[in-house]
Amino acid sequence: MSLVPWSKEAALRILATMCDEPGPILICLQALQAEFGYIPEDAVAFVADACNVSRADVHGVLTYYHDLRTSVPPQSSIRICVAEACQAVGSRELVTAAEGAFGTTLGAPNDLVEIESAYCFGNCALGPAAMVDHQLIGRASLEKLLAAVQGDEDK
Amino acid sequence: MSAITVFVPKDSAARSVGADRVAIAIAHEATKYGIDLTLVRNGSRGALWLEPLVEVATDRGRTAYGPVRVEDVPSLFSADFHLGGKHPLSLGLTDEITWLARQDRVTFARVGIVDPLSLADYEAHGGLAGLRRALSMAREEIISEVIDSGLRGRGGAGFPAGIKWRTVLQTTGDHKYICCNADEGDSGTFADRMLIEGDPFTLLEGMTIAAIAVGAVEGVIYVRSEYPDAIETLRQAIDIAREQGWLGKSVLGSLHVFDIRIRVGAGSYVCGEETAMLESIEGKRGVVRSKPPLPAICGLFGQPTVINNVLTLASVPAILAGGAVAYQARGVGRSTGTQVFQLAGNIARGGIVETRFGVTLDTLINDFGAGALTRRPVRAVQIGGPLGAYFSTSLFDLSMDYESLLAAGGMLGHGGVVVFDESVDMAVQAKFAMEFCALESCGKCTPCRLGSTRGAETIEKIINGLDLEGNKKLLLDLCEVMTDGSLCAMGGLTPLPVRSAMLHFAEDFGSRTGAAR
Ligand SMILES: Cc1cc2nc3c(=O)[nH]c(=O)nc-3n(C[C@H](O)[C@H](O)[C@H](O)COP(=O)(O)O)c2cc1C
Ligand code: SF4
Ligand code: FES
């Protein structure tokens with residue numbers, strides 16, 4: 001993932017382009033995360049100022065949504081769907097195998113990867129489904145996950 | 001355009017099993033042999049078990065090959081597949097593949113057939129006929145047509161679409177909205193995504209017709225963040241519609257003003273609930289609002305708002321183009337038209353099955369689906385997403401329509417059908433239903449927020465064989481409290497999968513417990 005390092009100036013430039021939209025808080029946070037990969041605590045005050053709302057409002061939104069993160073993302077993110085249709089074709093077992101292979105557990109990233117559970121990518125007829133960075137993988141297996149993390153798409 | 005046209009789907013499910021690499025390999029091989037071909041990246045035909053499904057246009061119609069892997073591409077060329085030649089992966093004419101030929105495609109009529117972002121292709125396949133007709137009608141007439149068609153909401157609740165529109169028409173407001181719910185959070189559902197990726201103009205047309213009918217000036221499509229390809233396709237489709245004078249200050253040269261923007265979700269299931277969705281579009285925490293007021297009267301930013309699912313809105317152009325009678329003639333009883341079923345989970349032939357209402361579960365799972373992917377006996381089916389009931393094979397003659405499912409203690413929801421083979425442990429599935437509710441609850445009602453956590457703990461005890469009778473009774477009591485004391489269907493319907501699992505698979509909540517597992 002090519003992300004820009006966090007800077008106040010860059011953040012303010014982004015906020016200036018969207019703070020006049022109706023109901024701006026969530027889209028501002030999403031835009032910051034798209035640029036920097038996460039939303040540092042400092043950003044709460046900038047967003048509040050730009051949108052003319054209280055810090056509590058911004059904090060409330062930031063902590064409500066599963067997608068929004070406040071810590072620097074690891075190099076690779078592996079999201080495995082653990083919703084019903086993927087459970088039916090072994091996604092729970094895939095999570096266990098991935099945890100073993102990458103030496104991490106769900107939600108506890110190491111420097112290289114983070115494995116997270118997800119709830120449906122709309123690929124429920126070709127499960128288990130997983131998303132490695134931005135690449136959707138159908139009929140996912142440990143081999144396919146390893147290949148995707150190494151950027152070797154031909155597996 | 002060259003004489004040879006090859007289609008390789010760009011649908012994200014097809015891409016997830018290698019469609020991009022197949023497309024590149026085909027282009028590469030064609031260059032090598034000096035064959036001039038046009039590669040169209042269409043949507044998927046919906047036979048996801050055949051993806052990547054490659055098609056070639058021939059004099060007799062499109063012929064299909066699949067599932068194609070990169071390794072198969074050289075041999076496809078040796079077999080002159082680009083001229084329709086025979087190959088071990090040949091499936092014959094696409095339209096004659098039994099799985100597709102047995103369907104009744106109305107909402108999905110163009111998906112997989114057209115180039116998703118070609119407006120010319122769209123119009124050549126009947127696109128914009130519905131909107132043009134609507135522009136020649138009075139508002140009340142459009143709404144009557146939708147009411148007469150019997151079209152009901154495809155997002156879950158099944159409320160008649162036209163009645164909702166009439167309420168918005170009759171309410172005064174200076175900036176009415178059309179909100180399209182593309183949050184599609186239910187596990188086992190992907191029809192909204194496939195329609196958007198494969199035929200986005202149909203959704204835009206449906207929203208435009210709704211806007212003209214109720215006098216709305218702005219549309220918002222709320223798409224979940226898990227669907228990046230759908231978001232990108234929609235962005236491009238909206239830009240094209242603006243450039244072509246369809247969206248904007250004058251809809252197709254008329255006096256109507258209508259434009260559409262996109263809002264992206266942020267990973268919250270409950271934001272698919274319509275009022276939580278409105279909160280989220282307003283940039284706030286996605287907490288459910290109490291009703292009244294109805295969103296039709298006081299919705300987005302306090303304005304009268306039509307909220308409909310993608311499939312509901314995408315069915316409207318066909319209804320306006322073909323007339324209410326033709327649509328209404330399909331289906332059974334009060335379930336009129338077609339339903340876009342989605343076969344998912346442990347199923348050999350999964351994908352989109354659009355048929356008239358009233359098809360049986362057995363037909364869907366055994367005839368279309370060909371049973372479980374693992375080739376083991378099917379044991380359980382969950383219909384209607386995470387809040388839907390689990391059924392056993394003894395109910396396979398069930399007619400798939402709103403009323404029959406309700407009578408059988410379930411619900412149709414968004415039409416997802418998730419299949420499990422005999423290895424499934426239904427107590428574990430029931431526990432997951434409670435855990436999912438705990439994870440996604442918006443937190444407003446105690447029975448939903450806390451009851452779900454207690455529920456999961458109680459099922460864990462049952463799984464471990466602790467005080468079975470006592471805990472089962474406790475669980476049923478808890479289900480009752482959640483059903484009665486929740487503001488929305490998140491807490492209110494989570495008991496549905498739990499209770500149905502206990503009812504139809506009682507053995508998993510008793511004898512198979514503890515060490516036997
Ligand atoms: C927890 C919950 C989640 C929902 N998720 C969705 C969804 O993802 N998509 C959808 O269209 N409707 C969803 N609904 C139903 C909506 O509240 C609403 O009924 C629907 O969008 C109305 O459109 P329709 O009449 O066209 O179905 C959900 C409801 C609940 C309670
Ligand atoms: S039932 Fe649950 S999700 Fe629905 S309003 Fe109550 S707490 Fe929120
Ligand atoms: S349930 Fe896993 S992709 Fe839908």
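A backbone N or O atom of B:Arg154 lies 3.3 Å from an oxygen atom of ligand 1. The model is a predicted one.

**Around ligand 1**

- There are 19 residues around ligand 1, and those that come nearest are B:Gly155, B:Asn181, B:Asn308, B:Asn309 and B:Thr312.
- B:Thr312 has a polar side-chain atom 2.7 Å from an oxygen atom of the ligand.
- B:Gly185 has a polar backbone atom, and this atom is 3.2 Å from an oxygen atom of ligand 1.
- B:Arg154 also places a backbone N or O atom 3.3 Å from a ligand oxygen.

**The second largest pocket**

- Rolling a probe the size of a water molecule over the atoms shows where empty space is left.
- The second largest pocket holds about 1,000 Å³ of space.
- Its lining is made of 42 residues, of which B:Gly155, B:Ala157, B:Gly272, B:Glu273 and B:Glu274 are the closest to the centre of the pocket.
- By type, the lining residues are 17 nonpolar, 15 polar and ten charged.
- Three elements of chain B, namely α8 (161–170), β9 and α21 (489–493), each supply at least two lining residues.
- The element that gives the most to this lining is β9(B), with four residues.

**The open sheet of chain B**

- Four strands of chain B form an open sheet with parallel pairing, and their order is β8-β7-β6-β9.
- The edges are taken by β8 (259–264) and β9 (305–309) of chain B; each has a single partner strand, so one side of each has no neighbour in the sheet.
- On average, neighbouring strands of this sheet are turned by 20° against each other, with direction ignored.
- Strand β6 (residues 177–182) and strand β7 (residues 218–223), both of chain B, pair in the parallel sense over six bridges.
- B:Cys180 stands opposite B:Ile221, a residue in β7(B).

**The outline of chain A**

- Chain A contains seven helices and four strands.
- Along the sequence, these elements of chain A follow the pattern α-α-α-α-β-α-α-β-β-β-α.
- Taken along the principal axes, the box filled by the C-alpha atoms of chain A is roughly 50 × 30 × 25 Å.

Terms used: Residues are numbered from 1 along each chain as its sequence is written. Chains are lettered from A and ligands numbered from 1 in the order in which they are written. This is a predicted model: local features need pLDDT of at least 70, side-chain atom pairs count only at pLDDT 80 or more; totals for chains, interfaces and linings use all residues. Side-chain values use heavy atoms; hydrogens and water are left out. Two strands pair if DSSP finds at least two bridges between them. Axes are lines fitted to C-alpha atoms, for helices over the stretch in contact, and angles run from 0 to 180 degrees between N-to-C directions. On a 1 Å grid over the protein atoms alone, a cavity is a set of points where a 1.4 Å probe fits but cannot get out, and a pocket is an open set with protein on both sides within 12 Å along at least five of seven lines; lining residues have an atom within 4 Å of a point. Grid points are joined across faces, edges and corners, and a volume is the space filled by probe spheres set on the points. Ala, Val, Leu, Ile, Met, Phe, Trp, Tyr, Cys and Pro count as nonpolar, Asp, Glu, Lys and Arg as charged, and the others, Gly among them, as polar. A residue is near a molecule or strand if one of its heavy atoms lies within 4 Å of it. A polar contact is a pair of N or O atoms within 3.5 Å; within protein, one must be able to donate a hydrogen and the other to accept it, and residues adjacent in sequence count only if both atoms are side-chain atoms.
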